[in-house]
Amino acid sequence: MKGRRLWFVGIGGAGLSAYAQLARAWGAEVGGWDRVRTPYLEPLADVPLEIGPEPVVPDGWESVVSSAYPSVPGLRRAEFLRELVASRAAIVVGGTHGKGTTAGMIAYVLRETGRDPAWLIGAPVPQLGSNAGCGSGFLVVEGDESDRTVFSLPAEIAVVTNVELDHHTEFVSRAQLEAAFERWLATATHVVRDAPPFEGELLLPGEHNRRNAGAALAALEVAGVPRDEAEPPLGRFAGTGRRFEVHRLGEVTVVDDYAHHPTEITATIEAARERFPGARLRVLFQPHLYSRTRHLAWELAAALADADDVTVTDVYPARERPVPGVSGRLVVDALSDRGVLAAYTPRVEDGAARLRRGARPGDVLLVLGAGDVDRAVGLLGEVG
C-alpha cells in the first residue's frame, strides 16, 4: 500500500471506512467522499474528506468506489478488498446469518489472547473500538455474499455460518448459492462448517449466538488458539453494533437489532424471550429491499407473529427501485392472513410513536431491520 493515494467514494459506509483505515495503517495516503458524515468516519477525522451531494474524485488520486456508485470510474470495492485480503493470512467468515458476530468473536478472542489480529467487519464492534483493526496477525474478514464478494476472497481459514437464500436479485435459487459457496470453500486451506454450538456461558442470548460462538471457537482452534484459552474471552464478547443492542429507556427496554430476514427475526425474538422471560414483546419492523419483501412476505409474517404486538413500516429500498404493489403492507396483510392484527405505519416516526403510546412498564420494544429504522431508538427516548 505504500506510495498509493487512495480516494474512497462512499467512505462513510461500514465497508469502505474500514478499508480506508486498514489501507492507511499499511502505508497508503487516504481520503474520500460521501453524501453525509457518518459515525464510521470518526477514526478518519484527520484525512481529507469531501461531503456533498455528488461524488468527487480529486486529481492525482486512485479511486476505490462503493458498489452504491456504479457510474463512478475506479477500482471496485470488491476488487480492493481482495487486494487487502490477499496480502495477509486471512480468516474469512461468510454465510447468510451471523457472519459479522462470528467475525467479531474471532477478532476479539485473537486480540485478547495476544495474537494481534487485523480485522475488517461490516459493523461497529465496541470492544474492539472500531470496525477495522491493523494488527500484524491474522486478518479477520466478514465476507458478503449479497454481491458475491466473499467468493473472490482468498482464505487461509474459511468459515461458513449457514447458507440460506436472502438476496433474490443475485441468486435464482438456494442451490445456486450453495454451489457458489462450495466452489469458494474448495479454494481455502482450511474450512470450518457445521461446528457444534458453544455450550459455555455467553453474554449474548439465543441459540443462534451459541452457534456463532461454536463456529468462532472452531476457527480459533484451527488458527492455533487452544479451546481452554479461547473460551474465557469468548464468553466476555458483548456483540457488534445493532445486533441485540440493549437500551434501557425509563421503565421499558429497547432492543435494536439488524434482523431483516425471517430466520434472523425468529432468532432475535427467541433471544428476547430468553433474555427477558415474561415480558411483553412489541416489534417495530422495517422491511428491507422490495425484492426480499415480495419473495418473503409470508415468511416475514410467520416470524413476526411470535411477538405480542407488531408494527410494520414501509420498505427501506437501499439500492433498489420501487416495485409496483410492493410495500410494508404486504407483510401486514400476510400477518392478517395468519390471524394477527398488525399496524401499518409507513414512516418510522409514526411507528415509533405507536410503540411509545402503547408502552407499559416492563415492555421490551424490538426495533428490527437493516435500513434506517434504528432512528426509532432515539425517537423512543421519551418512553417512561
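This is a predicted model: local features need pLDDT of at least 70, side-chain atom pairs count only at pLDDT 80 or more; totals for chains, interfaces and linings use all residues.
Let's start in the sheet. Strand β6, residues 90-94, pairs with β9 in the parallel sense, over four bridges.

Now the whole sheet. It is open and has six strands, in the order β8-β7-β9-β6-β10-β11, with mixed pairing. Which strands stand at the edges? They are β8, residues 132-134, and β11, residues 190-193. Each has a single partner strand, so one side of each is left without a neighbour in the sheet. On average, neighbouring strands here are turned by 15° against each other, direction ignored.

Next, the helices on this sheet. Helix α4 lies across β6, β10 and β11. Against β10, α4 runs at about 160°. Helix α5, residues 207-222, lies across β10 and β11. Its angle to β11 is about 160°.

On to the aromatics. How many aromatic pairs does a search of the whole structure find? Eight. I'll show two.

Take Phe151 and Phe171. Their ring centres are 6.5 Å apart and their planes stand at 85°, so this pair is edge-to-face; the cut-off for that class is over 60 degrees. The pair links distant parts of the chain, 20 residues apart. Phe151 sits in the loop between β9 (139-142) and β10 (157-160). Phe171 sits in the loop between β10 and α4 (174-185). Buried or exposed? Both Phe151 and Phe171 are buried.

The second pair is Phe244 with Phe276. This one is stacked: 6.5 Å centre to centre, with 15° between the planes. Phe244 lies in the loop between α6 (227-236) and β12 (245-249). Phe276 lies in the loop between α7 (262-275) and β14 (281-285). So the pair ties together parts that are 32 residues apart in sequence. Phe244 has a relative accessible area of 9% and is buried. Phe276, at 17%, is buried as well, because the limit is under 20%.

Back to Phe151 and Phe171 for a moment. Together with Phe181 and Trp184, they form one aromatic cluster.

Last topic: charges over rings. Arg5 lies over the face of Trp61, 4.1 Å from the ring centre. And which ring does the charged end of Arg243 sit over? That of Tyr258, at 4.3 Å from its centre.

That's my tour. Questions, please.

Technical notes:
Residues are numbered from 1 along each chain as its sequence is written. Side-chain values use heavy atoms; hydrogens and water are left out. Rings of Phe, Tyr and Trp (its six-membered ring) pair if their centres lie within 6.5 Å; planes under 30 degrees apart count as stacked, over 60 as edge-to-face and the rest as tilted. Helices (H or I, at least four residues) and strands (E, at least two) are DSSP runs, numbered from the N terminus. Buried means under 20% relative accessible area, exposed over 50%, partly exposed in between (1.4 Å probe, protein chains only). A charge sits over a ring if NZ of Lys or CZ of Arg is within 6 Å of the ring centre and within 35 degrees of the ring normal. Two strands pair if DSSP finds at least two bridges between them. Axes are lines fitted to C-alpha atoms, for helices over the stretch in contact, and angles run from 0 to 180 degrees between N-to-C directions. Contact means heavy atoms within 4.5 Å.
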